[in-house]
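I opened my notebook with the model on the screen and worked through it one topic at a time. The entries below follow the order in which I looked things up.

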Amino acid sequence: MLAVHADAAEVTTAEGLAEGGRLHPIQQAFVDRHGLQCGFCTPGILMTTLALLRETPSPDERQIREALSGNLCRCTGYQFIVESIQAAAEMIAPTIEPAPVGMPVGPDADAEPGATPRPAKPEWGG
Ligand code: FES
């Protein structure tokens, strides 16, 4: 999304997940389950995971892979990422805060009202 679309909104980054020097359980799950290698994709995947777990506290593997469809990882092959998200869900699902009311989440979060939904998976030419 363009930064102007977040005007007056609260923005949380991956760095903002940790509190008091302690990793957020999602971050810890990625460390514990080897959900990252180079880390290039990790901030986006962590925030996607937070949004997913707010909407779907106990996602199945298909829901996790669907939520990740907008994130590219060139390192892990996604299996460790999926396992990290499953571990995070088990740890925090009972306690996670729901998304604020009216806060759009998911692949169409920045879409104008009434806009045609984007395809679930990006089409990569070639
Ligand atoms: S961990 Fe390297 S791109 Fe995902």
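Entry 1, burial. I looked up how much of the protein chain is buried, and of its 126 residues 20% count as buried, where buried stands for 20 or more other C-beta atoms within 10 Å of a residue's own, exposed for 12 or fewer, and partly exposed for anything in between, with C-beta atoms placed from the backbone. I note that this is a predicted model, in which local features need pLDDT of at least 70 and side-chain atom pairs count only at pLDDT 80 or more, while totals for chains, interfaces and linings use all residues. I number residues from 1 along each chain as its sequence is written.

I found four helices and zero strands in the protein chain, taking helices (H or I, at least four residues) and strands (E, at least two) as DSSP runs numbered from the N terminus. Along the sequence the pattern reads α-α-α-α. I also checked contacts, meaning residues whose C-beta atoms, placed from the backbone, lie within 7 Å; among those with a separation of 6 or more, 67% join residues 24 or more positions apart.

Which residues have the most contacts inside the largest nonpolar core? They are Ile 26 and Ala 88, in a core of 17 residues, where a nonpolar core is a set of buried Ala, Val, Leu, Ile, Met, Phe, Trp, Tyr and Cys residues joined through C-beta atoms within 7 Å. Helix 1, helix 2, helix 3 (61–67) and helix 4 each supply at least two residues of this core, and the largest share, five residues, comes from helix 2. Leaving out residues up to four places away in sequence, I listed Pro 25, Ile 26, Ala 29, Thr 49 and Leu 53 as the ones that Ala 88 touches.

Helix 1 (residues 25–32) packs on helix 4 at an angle of about 140 degrees, with the axes 8 Å apart; the axes are lines fitted to C-alpha atoms over the stretch in contact, and angles run from 0 to 180 degrees between N-to-C directions. The two helices are therefore oblique to each other, since angles under 35 degrees count as roughly parallel, over 145 as roughly antiparallel, 65 to 115 as roughly perpendicular and the rest as oblique. On the helix 1 side I noted Pro 25, Ile 26, Ala 29, Phe 30 and Asp 32, and on the helix 4 side Ser 84, Ala 87, Ala 88, Met 91 and Ile 92.

Helix 2 (residues 42–55) and helix 4 (residues 79–92) pack at about 45 degrees, with their axes 11 Å apart, and that makes helix 2 oblique to helix 4. Here Ile 45, Thr 49 and Leu 53 of helix 2 meet Ile 81, Ile 85, Ala 88, Ala 89 and Ile 92 of helix 4.

From C-alpha to C-alpha, Pro 57 and Thr 95 are 9.2 Å apart in space, although 38 residues apart in sequence. Tyr 78, in the loop between helix 3 and helix 4, has a positive phi of about 75 degrees although it is not a glycine.

Note on methods
Contact = placed C-beta atoms within 7 Å.
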